[in-house]
Structure formats: C-alpha cells, structure tokens
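Trainee: I've got the file open and want to get my bearings. Can we go through it piece by piece?

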Amino acid sequence: MRTILQTLRLDLYNCDLPLIEAVLRGNAAIAEVTDWNVPDDWTEFGEPAFKFTQARLAEFPEDAVWWTWLPVIRSEKLLAGSCGYVGRPNAEGTVEIGYEIAASRRQLGLATEAVQALINHAFTHDEVQTVMAHTLAVPNPSTLILQRFGFLQVAELEDPEEGKIWRWELPRTHYGAAQHTSV
C-alpha cells in the first residue's frame with residue numbers, strides 16, 4: 001500500500017517502484033495502474049528525474065518517502081504535477097524539496113498545498129533539522145510560496161544548467177511560526 005499525504009484538495013501519492021516504472025512507460029501506463037486522469041502537461045521535470053528516482057528505489061526501496069510524490073486533485077482524480085525530496089536528510093539533517101504543478105493547474109494554490117505537505121512530512125522525522133529548496137534567482141511564484149512558509153533566502157549560487165539560483169532554508173526552529181498559513 002502506498003503512503004499518501006493529504007491536504008485540503010490533494011492526495012500526494014508516494015511513488016514506489018511499480019508506480020515510478022508506470023510513470024516512465026507513459027501517461028497511459030499511469031492511468032492503467034491508478035484510477036487517475038492523466039493530462040499531457042502534468043510534468044515538465046521529464047524522464048531524467050523519474051529515472052533517477054527509479055534507480056534509487058531499486059537500490060533503496062525503504063527510502064521511498066524521500067523521493068517522488070505525485071499530487072492528485074482528489075475531486076477530479078487528476079494528476080496535477082510531481083513533487084518530493086532529493087533524497088534522505090543529509091548528516092546535518094537537511095532535506096531538499098522540489099515541486100511542479102501542471103501548467104493548466106497553476107495559480108490555484110496547489111503548489112502551496114503540496115509544499116506544506118512536504119514540509120509537514122519532513123518535520124515528522126526527528127532527524128530533519130532544515131528543509132531546503134532552490135529557485136531561479138528572480139522573484140517568482142515559487143519564491144512567494146517559500147516565503148509564505150517562512151523560508152529564508154540564504155545564498156545565491158551558480159548552477160551549471162540553470163544559471164543563478166537561490167537557496168532557501170526553513171530551520172525546524174522556524175517551522176511552527178510558519179504554520180499560521182492555511183491551505
């Protein structure tokens with residue numbers, strides 16, 4: 001049975017190996033192994049991210065909660081994007097999140113709900129001390145979401161693929177203060 005995180009409107013399904021393999025086979029395969037409606041534009045991350053998760057799950061299936069989650073709009077049974085973590089927390093207790101919402105479902109607050117679910121889930125694990133994220137180094141919807149939850153911009157970095165990016169962190173000590181946000 002897959003782990004599911006719930007928000008007001010979303011069910012976030014944790015990808016086990018069979019589900020990630022269906023993702024890699026395509027939208028028809030996802031629909032075949034779930035009861036979801038799968039729009040063509042549900043992901044921009046693409047195959048490399050899912051292949052990486054597949055390789056990690058094949059080697060460490062017990063770490064599934066630290067990889068890919070698929071947000072599904074409960075009322076429509078509609079796959080709305082992908083999100084998750086970039087692996088287990090590191091030695092310092094930092095875990096990185098990432099998220100995307102289908103272009104056709106943006107500006108509806110779904111990314112906010114997914115991010116809140118990821119943050120809440122991460123901080124249920126005692127070893128997690130900081131949740132981290134990266135964004136492009138310009139104000140954008142993602143930076144607004146992170147700021148809403150109390151993330152602090154802590155660095156500007158040069159990414160070989162993306163160019164300038166910002167690193168954001170939410171320490172456990174600031175986690176409770178950000179929980180006034182409702183989704």
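This is a predicted model: local features need pLDDT of at least 70, side-chain atom pairs count only at pLDDT 80 or more; totals for chains, interfaces and linings use all residues.

Trainee: How wide an arc do the buried residues of α1 cover?
Mentor: In α1 (residues 17–25), the buried ones are Leu19, Ile20, Ala22 and Val23. They sit on the same side of α1, because the arc they cover around the axis is only 155°. On the other side, Pro18 and Arg25 are exposed.

Trainee: Which residue's side-chain oxygen reaches the backbone nitrogen of Leu19?
Mentor: Look at the start of α1, where the oxygen comes to within 3.0 Å of that nitrogen. At the other end, α1 is followed by Gly26, with a positive phi near 120°. The residue reaching Leu19 is Asp16.

Trainee: Which element gives the most to the lining of the largest pocket?
Mentor: The largest pocket has 43 lining residues, and Phe45, Gly98, Tyr99, Glu100 and His134 are the closest to its centre. At least two lining residues come from each of α3, β5 (81–85), β6 (94–101), α4 (110–122), β7 (130–136) and α5 (141–148). A pocket here is found on a 1 Å grid over the protein atoms alone, as an open set of points where a 1.4 Å probe fits, with protein on both sides within 12 Å along at least five of seven lines; lining residues have an atom within 4 Å of a point. With 6 residues, the top contributor is β6.

Trainee: Which side chain makes a polar contact with that of His134?
Mentor: His134 lies in β7 and is partly exposed, at 29% relative accessible area. Beyond four places in sequence, it touches Glu96, Leu157, Ile165, Trp166 and Arg167. A polar contact is a pair of N or O atoms within 3.5 Å; within protein, one must be able to donate a hydrogen and the other to accept it, and residues adjacent in sequence count only if both atoms are side-chain atoms. At 2.8 Å, the partner of His134 is Glu96.

Trainee: Is Gln107 buried or exposed?
Mentor: Gln107 is in the loop between β6 and α4, with a positive phi near 65° although it isn't a glycine. Lys77, in the loop between β3 and β4 (78–79), also has a positive phi, about 50°, and is partly exposed at 40%. Since its relative accessibility is 70%, Gln107 counts as exposed.

Trainee: Which residues does His121 contact?
Mentor: His121 is in α4 and is buried, with a relative accessible area of 11%. Leaving aside neighbours within four places in sequence, its contacts are Leu5, Val65, Trp69 and Tyr85.

How values were computed. Residues are numbered from 1 along each chain as its sequence is written. Side-chain values use heavy atoms; hydrogens and water are left out. Buried means under 20% relative accessible area, exposed over 50%, partly exposed in between (1.4 Å probe, protein chains only). Helices (H or I, at least four residues) and strands (E, at least two) are DSSP runs, numbered from the N terminus. The arc is that of the directions from the helix axis to the C-beta atoms. Contact means heavy atoms within 4.5 Å.
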